[in-house]
Amino acid sequence: MRGLATLVQAGFLLLPSAVMAEEKKGMPQLDFANPLTLSQVVWLAIIFFTLYLLLSRWALPQVGAVLEARASRIAGDLDAAKSAKAKADAAVAELKAATAKAHAEAQASVSTAVDAAKAEAAVQATAANAQLDAQLAAAEQRIAAARAAAMGALRDVALTTTVDVVARLTGAAVSQQNIEQAVDRALAARAA
Amino acid sequence: MAAEGSIDALGQFQLETSLGALGASVHFTQSNLMMLIAAGLILGLLYFGMRPKAIVPGRLQALAELAYDGVHGMCVDQIGHEGKKFFPFIFTLFTFILLGNLLGLLPFSFTYTSHIAVTFALALTVIVLVTVVALSIHGLHFFSYFFPAGAPKLLAPLIIPVEIISYLSRPVSLSIRLFANMVAGHVMFEVFASFIVMMAAAGSFGMLGAVGPLALNVVLVGFELLVAFLQAYVFSILTCIYLHDAVHLH
């Protein structure tokens, strides 16, 4: 690659050398008999070295300082932006947490209220049931009493009717005890 | 410049003293005057460019920072972290050669990079620096550079001379590359410009035909602008590569 470049340059060099051959003067660059050819190198050394010193000691550090100041300022701004973003994120998280907490609290109080209402309703329902049961039992007792009374009256009616029927049919007086026994037997058989 | 029938393409490279009798007494050439102007422009760019020290740079500051950042990036990319030490030298080298190439494109100026003595002196500085750096970092171990590790011992008589010649030819190729590119461009300018004058002198048809070399020279100016940047870049990036070799030994 470098060899190729040198070859191309050699080709370029042919152009001036063709002119050079015609002129018979040679390239001024290769005229080392001319004291100026080497004196320019001495001045080159002085100028180049001075330029190097001025650049390395004075000019370039200035540029570097400005670039560094900019880089640090950008870094500082980025840091500030990052911390601001972190703060904003924290605030958002706090807000979310507060919302969630409020939500949970509301849910809890709603469910407590619902439970309390349910319990109260259950108590009321039990009380009402008990009252109804009591009334039912009283009514049943009344019915049973009425029934028993009715049944008692029925026996008296059956006794007198039996006495009357037996007296009419037979004309004989039957002992009260026998009649009672017969009526009781018949009633027991019917109830069975 | 162009007499009838002959083209003096090389007269432009003739050295003369400048700055009058004082310059003549110390052999201060017009080449050195251009060097002074180049150095002044570089320092002026950095001084006036960086004077605002603005956070958001203006045009001149942006140019100065671009030059700084470009060369700094080249140093760090090519040499590595140690490249920062050589940054001022590479920056001086790059801007000095670039300004020499660019100033040479101005009419009536002088291209100091078209002198082999100048380019060879610069290349020699580079090679001496590279060798000193390599010796100071690696000591005598530096000489292992001429025999790559892992190469068969049998080939040593072949490899070592080749490596030494390749090492020593670095300043030659470095200096001739820059010198030849600059000379070739300026000779072509002179030749085509002479064609313009010669054809224009040949009558109205020649006047019309002279447009051809004129157009060519216009195109050539653009091309030479590219070459001016490219050669300064090549010179400094090769210096960086040599410095990388010196710091890391392959």
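A salt bridge here is a side-chain nitrogen of Lys or Arg within 4 Å of a carboxyl oxygen of Asp or Glu. In this predicted model, A:Arg70 and B:Glu65 form such a bridge, with their closest N and O atoms 2.7 Å apart. Between chain B and chain A the count is 1 salt bridge. Side chains of opposite charge can pair when their charged atoms come close.

Polar contacts also cross between the chains: the interface of chain B and chain A has 9 residue pairs of this kind, with both residues at pLDDT 80 or more. On the side of chain B that touches chain A, at least two residues each come from helix H2 (30-50), helix H3 (59-79), helix H4 (83-103), helix H5 (116-138) and helix H6 (156-201) of chain B. H6(B) gives the largest share, 11 residues. By residue type, this side of chain B consists of 38 nonpolar, 13 polar and 7 charged residues.

The extent of the interface can be given in residues and in area. Contacts link 58 residues of chain B with 42 residues of chain A. Together the two chains bury about 4700 Å², and carbon and sulfur atoms account for 76% of that area. Of the area that chain B buries against chain A, 13% is supplied by B:Leu10, B:Leu43 and B:Ile55, more than by any other three residues.

Aromatic rings are the next feature to follow. Over all chains there are 18 aromatic pairs. One of them is formed by A:Phe48 and B:Phe96; the ring centres are 5.3 Å apart and the planes stand at 80°, so the pair is edge-to-face, the cut-off for that class being over 60 degrees. Because A:Phe48 belongs to helix H2 of chain A and B:Phe96 to helix H4 of chain B, this pair joins two chains.

The chain averages a pLDDT of 85, and 86% of its residues score at least 70. Helix H2 (residues 35-170) of chain A has the highest confidence in the chain, at a mean of 93, while helix H1 (residues 2-23) of chain A has the lowest, at 49. Over residues 16-23 of chain A pLDDT stays under 50, and the model has 12 contacts beyond four places in sequence for this stretch. Where pLDDT is low, the predicted coordinates should not be read in detail.

Technical notes. Residues are numbered from 1 along each chain as its sequence is written. Chains are lettered from A and ligands numbered from 1 in the order in which they are written. Side-chain values use heavy atoms; hydrogens and water are left out. Contact means heavy atoms within 4.5 Å. Buried area is the accessible area (1.4 Å probe) that two parts lose on being put together, summed over both. A polar contact is a pair of N or O atoms within 3.5 Å; within protein, one must be able to donate a hydrogen and the other to accept it, and residues adjacent in sequence count only if both atoms are side-chain atoms. Helices (H or I, at least four residues) and strands (E, at least two) are DSSP runs, numbered from the N terminus. Ala, Val, Leu, Ile, Met, Phe, Trp, Tyr, Cys and Pro count as nonpolar, Asp, Glu, Lys and Arg as charged, and the others, Gly among them, as polar. pLDDT is the predictor's confidence in each residue, from 0 to 100. Rings of Phe, Tyr and Trp (its six-membered ring) pair if their centres lie within 6.5 Å; planes under 30 degrees apart count as stacked, over 60 as edge-to-face and the rest as tilted.
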